[in-house]
Amino acid sequence: MENKKHTRKGDIIFSDYTPGDGIKKAVTLSREDILFEIKDSKLKGRGGAGFPVSTKWMLAAAAISDEKYIVCNADEGEPGTFKDRVLLYEYPELVFDGMVIAGYTIGAKKGIVYLRGEYEHALKPLEDYLQKMRDENLLGKSILGIRNFNFDIEIFVGSSAYVCGEETALIESLEGNRGEARNRPPYPVNTGFKKKPTSVNNVETLCCIPHIVLNGGNWFKKFGTGESTGTKIFSISGDCEKPDVYELPWGTTLKELLEISGAQNTKAVQIGGASGQCVPKAQFNRKLAYEDLPTGGSIIVFNESRNMLKVLKNFMEFFVEESCGQCTPCRIGNRKLLEGVNMIEKGEYTFTYLNKLKELGKTMQVASKCGLGQSSPNSFISILENFNDEIFSYNNGGTHA
Amino acid sequence: MLVSEKTSLTEEIELLVQKYGNDRSSLLKILQDVQKNHRYISEFAQQEIARLLKIHPVEVYSVVSFYAFLNSKPKGRNIVRICRTITCDMKNKEAIAKAVERELGIKMGETTKDKKFTIEYANCLGLCDEGPAMAINERVYTKLTPEKAVEYLNSVK
Ligand SMILES: Cc1cc2nc3c(=O)[nH]c(=O)nc-3n(C[C@H](O)[C@H](O)[C@H](O)COP(=O)(O)O)c2cc1C
Ligand code: SF4
């Protein structure tokens, strides 16, 4: 893997930053001031769900407890996303300074990074970096010489399970259990790791924090749209000349993204990974933003040569494999959807049955226990609807039996 | 398993429990170390871990069976994982898998006779910008060609 930090450019995360500066500024402010700036910035979670960070942190800060935890969600398992990997390798100072500031703000003494097993190769450099922070008194006991400001970070390596990215499944995994999602409420901010108040935040979300603390919420809002403030790190892969991560303001259109990444003859773009939606060419002027096309950052480009049914099959196989099996709509539903794809492939389907499967997909969206089952039908529904012609019409090389 | 092997496994697990603590939240760390040292977690190891953490062996089994990187059946000394998720699939992961299969004379999911390699598919390795990708144990290899993939295999002792 190449470290391209010196070539990266962006308004916020990829802008200049001196390690430790965010922490140094934070300790001159009160917890309330920091919460105010974050609220003012309107920063929303970058892990996919888009929950306002200030709300989560205010609840965690207000919770009365002798122990609280900050968890950095580095389980990045959504097909097509690799931005957190890049951030961990190239910008650990932002991730960890963000965690220390979070600890200071909500009153936690311990931070845990949940690093996916597939990223174990990042463990050594990250641990070396943490040690460097301890040596510079940016981590550990009496940070920057401030009495009672104790905060340390531990890295926990996962053992490969996509569902562990879901925050309650992640906490189960940290506690030594199967990574099965919990019922909510209670939410982790009240009853989290070891039943203590816990704020789970995505790697990229944490990377925004030092910049907001240094420059203020108002500055952050200058980028992006009214509802989607700041920038987003997009992981672009597939049929393009320059697959990579790009930091762009929210509100960037798909067309612009495709141009930047050197994509040509593009037929479709999958937004938000396997659990997201597939957007056809006619809609490439749509915007990437919470209010139009929300995404955790995965952008997969398909050119004219791709068979969209095969793409869908790859996604459905992924979900069948990764469903934790805890609840029926997801465990059985994903199997049925995959069977449907196989039927289409063989030309052994009826439209009546496929319509039933789409209905089943809609049931899964409401009846599944966690986000995995709630979002896994998205590609099934959007690919069958948007690429109907390609998949079903004989003239376009579709299936026919 | 020989009695002496059992005793040494017990000692190993006792040391791990000392290192990580006998709290339930140490379970995954202990399992990961046993997995790393032996490339699988035997029934006996599971029972010993359960005994020392004071939980039922089924609890341990249920965790082992949940995670893709933990195995209860013996595997090769080196585990090769080829990414099969969409972007690597589009970059022809199939050719990589076939080349590795031919070279080792086994199919995906199998272990070589000399127990040197197990080959399997993995879900997204998070290397979509540099696919096709594969991992040999903890190390990752990117921008593969079938020939390079085989070279990397051969470089493993
Ligand atoms: C199946 C599933 C997988 C998820 N994977 C991740 C992940 O890898 N990383 C992540 O930050 N959030 C993931 N999430 C979202 C988390 O549950 C949670 O919303 C997020 O970590 C909160 O952090 P944020 O507010 O900073 O985004 C996943 C959710 C689901 C349902
Ligand atoms: S929706 Fe799927 S992954 Fe989530 S709890 Fe149900 S079975 Fe498990």
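Modeller: Let's begin with one helix of chain A. The buried residues of α4(A) are A:Lys83, A:Asp84, A:Arg85, A:Val86, A:Leu87 and A:Leu88. Keep in mind that this is a predicted model.

Colleague: How many of the residues of α4 in chain A are buried, out of how many?

Modeller: 6 of 8, so the helix, residues 83-90, is mostly covered, taking buried to mean 20 or more other C-beta atoms within 10 Å.

Colleague: What do the buried residues of α4(A) pack against?

Modeller: Both helices and strands of chain A. The helices are α5 (92-106), α6 (123-135) and α8 (203-215). The strands are β1 (69-74), β5 (231-238) and β6 (244-249).

Colleague: Now the nonpolar core. Which residues touch the most other members of the largest one?

Modeller: A:Val95, A:Val100 and B:Met134, out of 158 residues in that core. Helix α5(A) gives the most to this core, with 9 residues.

Colleague: Which residues does A:Val100 touch, leaving out those up to four places away in sequence?

Modeller: A:Ile23, A:Leu138, A:Leu139, A:Ile143 and A:Phe151.

Colleague: Switching to ligand 1. Which residues come nearest?

Modeller: A:Gly45, A:Gly47, A:Gly165, A:Asn202 and A:Gly371, out of 21 residues around ligand 1. Two elements of chain A give two or more residues to that shell: β4 (198-202) and α14 (371-375). The largest share, 3 residues, comes from β4(A).

Colleague: How many residues of the shell around ligand 1 are nonpolar, polar and charged?

Modeller: The shell has 10 polar, 6 nonpolar and 5 charged residues.

Colleague: And which domains does ligand 1 lie between?

Modeller: Domain 1 (5-221) and domain 3 (308-391) of chain A. Both give residues to the shell, so ligand 1 lies between them.

Colleague: How is chain A divided overall?

Modeller: Into domain 1 (5-221), domain 2 (231-303) and domain 3 (308-391). The C-alpha centres of domains 2 and 3 of chain A lie 22 Å apart. Their contact takes 8 residues from domain 2 and 13 residues from domain 3.

Colleague: What gives the largest share on the domain 2 side of that contact?

Modeller: Strand β8 of chain A, residues 277-280, with 3 residues. By class, the domain 2 side has 5 nonpolar, 3 polar and no charged residues.

Colleague: What about the domains of chain B?

Modeller: Chain B is divided into domain 1 (3-66) and domain 2 (78-154). The C-alpha centres of those two domains lie 29 Å apart.

Colleague: How many residues of chain B are in contact with chain A?

Modeller: 30 residues of chain B, against 36 residues of chain A. On the chain B side, α2 (27-38), α4 (57-66), α5 (86-90) and β4 (139-141) each supply at least two residues. Helix α5(B) gives the most, with 4 residues.

Colleague: And how do the residues on that side of chain B divide by class?

Modeller: 15 nonpolar, 9 polar and 6 charged.

Colleague: Last one, A:Lys336. Where is its place in chain A?

Modeller: In helix α12, residues 328-346. A:Lys336 counts as partly exposed because it has 16 C-beta neighbours inside 10 Å.

Colleague: Which residues does A:Lys336 touch, not counting those up to four places away in sequence?

Modeller: A:Leu357 and A:Leu360. A:Leu357 is 21 residues apart from A:Lys336 along the chain, and their C-alpha atoms are separated by 7.5 Å.

Notes. Residues numbered from 1 in each chain as written. Chains lettered and ligands numbered in written order. Predicted model: local features only at pLDDT ≥ 70, side-chain atom pairs only at ≥ 80, totals over all residues. Buried ≥ 20, exposed ≤ 12 C-beta atoms within 10 Å, placed from the backbone. Contact = placed C-beta atoms within 7 Å. Near = placed C-beta within 6 Å. Nonpolar A, V, L, I, M, F, W, Y, C, P; charged D, E, K, R; others polar. Domains from an automatic or database assignment. Core = buried A, V, L, I, M, F, W, Y, C linked by C-beta atoms within 7 Å.
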